[in-house]
Amino acid sequence: MSRQLTRFTGLQRLLHWLMAVCIVAMLFIGIGMVSTTAPRYVPLLETHKTLGAVILLLALLRLGVRLVRGAPPLPASLPPLMRLGAILSHYALYALMIAMPLIGWAMLSAGDYPIVLYGGIRLPAILPQSDTLHTLLRSAHHWLALAFFALILLHLAAALFHALVRRDGVFEAMSPLPSRRGKH
Amino acid sequence: MVEPPMSPSRSFFASCVLIAVVVAAGAGAFAYTAGWLSPNRLTPAKLVDVLAPPGGPALGYRRNHAKGICFTGVFDSNGKGADLSVAQVFAPGSYPVVGRFNLATPSPNAADATVRVRGLGLQITTPDGGVWRSAMIDPPFFPVATPQAFYELQKASHSKDPEAMKSVVAAHPEIAAFGKWATTTPWTSSYAEDPYNGLNAFLFVDRAGVARAVRWSLRPVAEPVPIAPDELAKRGPNYLEQEITQRVAAAPQRWTMTVTVAESGDVTADPSKAWPAERRIVEVGTLVVQRIEAEADGPCREINFDPTILPKGISVSDDPFPAARSAAYARSYDRRTAEAKHYPRTSGSPKQ
């Protein structure tokens, strides 16, 4: 049997932390812009759309890398319930990373809004105008965003729990810092 | 590689507190950003809610300018705007238009003669994919200087307290000028005889990358014929829609689009202040309205005439209104599309 990985690869860790910054910024920009009528609404909306497109591309790349390179195994000492939580939450995080930009894109399409990103880059509509679809997608975008943020807080709490309490190497597997053992 | 768990209870407790603090800080920052901790923030929801008449909003309709009729036509650009902006809409040519004549009222059933302000929503599309949307009204300046003042004015206008309006007018003296316009400017009996003004300042960016603050207007080619509001009332509550339908069926109706260029020192952040009359005015083309369609089955109902939807070569300025309008229009659009079942579609409508 080949040597088991103890950490995610450098590319995977880079993608994780880069996307962490993008997604957290994205959720704050989103919830902030829909609650303001200040002039910053216009640049926030443009940034939100642009960052959404970037996150979609990064998420697809990341999914591909994950499928090819896999992930280090969870420690054998992990209780079954925590193991299940870890697996399910990772599926949910991947699903949201990919679905949220697509829902936003589809929602704007269904609202007959031109989709213009930073630098004047235009995306085509992926749906025809539809009141029903716009409403459905607008609600989904809102509630899934709140669920996404809650899941990220849970993910953060779990990561810190692994790092500070269990000290079982799970946090180190995705740590942005080089391994203390000099491996990877 | 699994390190032995360290389990002194003090370290465990401290770790849990630290985790709780980190999570609470994240949740708190999110709640603050969402405005959940700032009840005084002027949110899009507040701005939309305040427009509702006492009986509540008309479900399925725009939250303001609820009464309207669709038109299609073209914008014939004469090329003179091309020195001001690289937007393709100013290159000589003819570009398709979808628009909407409307009355500034939250009630889709308001009688024409009860609504002082009329508007025109416009969308011009160009072959390069550029989309320019604008929502204009017939007064030559806006009643108030800031979105916050607009909110207070709307609130006062629905208030039962007779002092409410007086105190808003006292706090925002610019409203008086609008009152003078509203009471002294003759009414017309046709959408085709009214001017429509963008009022907000935008930036036009030219080939050299130079940005200039501008405001745009549509000036009617048709000669305005004054009419007293009570005379207009006698013609029926929906006369304006009947009139424009017949008029356009008989002949296309035209407006000259003008662009007024600011000079240094002109205030761009306050649409209640008109710029001096001697400013350079460039006639950039003609809006030709060729066909009228009822809103229920027309092509304008689905469009949010958000004034921040601009082609390359036009951008927002420091005028605070386009952003506030964009945020509020989006909320209005979200609500009315969610209420679409309340909107009376005529039979045979292709859209569900």
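A residue counts as buried here if 20 or more other C-beta atoms lie within 10 Å of its own. The structure shown in these views is a predicted model.

**Figure 1. The two chains of the predicted model, side by side.** By the cut-off above, buried residues make up 42% of the 352 residues in chain B, and 28% of the 184 residues of chain A count as buried. Chain B contains eight helices and twelve strands, and its C-alpha atoms fill a box of roughly 90 × 55 × 50 Å along the principal axes. Chain A has five helices and two strands, arranged along the sequence as α-α-α-β-β-α-α. The box filled by the C-alpha atoms of chain A is roughly 55 × 30 × 30 Å. Of the contacts in chain B with a separation of 6 or more, 74% are between residues 24 or more positions apart. In chain A, 71% of the contacts between residues at least 6 apart join residues at least 24 apart.

**Figure 2. The contact between chain A and chain B.** Chain A contributes 37 residues and chain B contributes 44 residues. On the side of chain A that touches chain B, the elements giving two or more residues are helix 1 (10-33), helix 2 (41-69) and helix 4 (131-166) of chain A. Helix 4 of chain A gives the most, with 14 residues. By residue type, this side of chain A divides into 17 nonpolar, 13 polar and seven charged residues.

**Figure 3. The hairpin of strand 3 and strand 4 of chain B.** Strand 3 (residues 118-125) and strand 4 (residues 131-137) of chain B run antiparallel and are joined by seven bridges. B:Leu120 stands opposite B:Met136 in strand 4 of chain B. Five residues lie between the two strands, and B:Gly129 in the turn has a positive phi of about 95°. Strand 4 of chain B is mostly covered, with six of its seven residues buried.

**Figure 4. Strand 7 of chain B and its partners, strand 8 and strand 12 of chain B.** Strand 7 (residues 202-205) of chain B pairs with strand 8 (residues 211-220) of chain B in the antiparallel sense over four bridges, and B:Val205 stands opposite B:Ala211. These two strands form a hairpin with five residues between them, where B:Gly209 in the turn has a positive phi of about 85°. Strand 7 of chain B is also joined by three bridges to strand 12 (residues 314-316) of chain B, again antiparallel. In that pairing, B:Phe204 stands opposite B:Ile314.

**Figure 5. The largest nonpolar core.** This core has 95 residues. Those with the most contacts inside it are B:Leu47, B:Met136, B:Phe202, B:Val214, B:Leu218 and B:Leu287. Helix 3 (residues 80-110) of chain A provides the largest share of the core, nine residues. Leaving aside residues up to four places away in sequence, B:Phe202 touches B:Val214, B:Ile314, B:Ser315, B:Val316 and B:Ser317. In soluble globular proteins, nonpolar side chains tend to be buried together.

**Figure 6. Helix 3 of chain B and the helices around its buried residues.** The buried residues of helix 3 (residues 147-157) of chain B are B:Pro147, B:Phe150, B:Tyr151, B:Glu152, B:Leu153, B:Gln154 and B:Ala156. These buried residues pack against helix 2 (44-49), helix 4 (162-171), helix 5 (174-184) and helix 8 (321-338) of chain B.

Terms used
Residues numbered from 1 in each chain as written. Chains lettered and ligands numbered in written order. Predicted model: local features only at pLDDT ≥ 70, side-chain atom pairs only at ≥ 80, totals over all residues. Contact = placed C-beta atoms within 7 Å. Nonpolar A, V, L, I, M, F, W, Y, C, P; charged D, E, K, R; others polar. Buried ≥ 20, exposed ≤ 12 C-beta atoms within 10 Å, placed from the backbone. Pairing = 2+ DSSP bridges. Core = buried A, V, L, I, M, F, W, Y, C linked by C-beta atoms within 7 Å.
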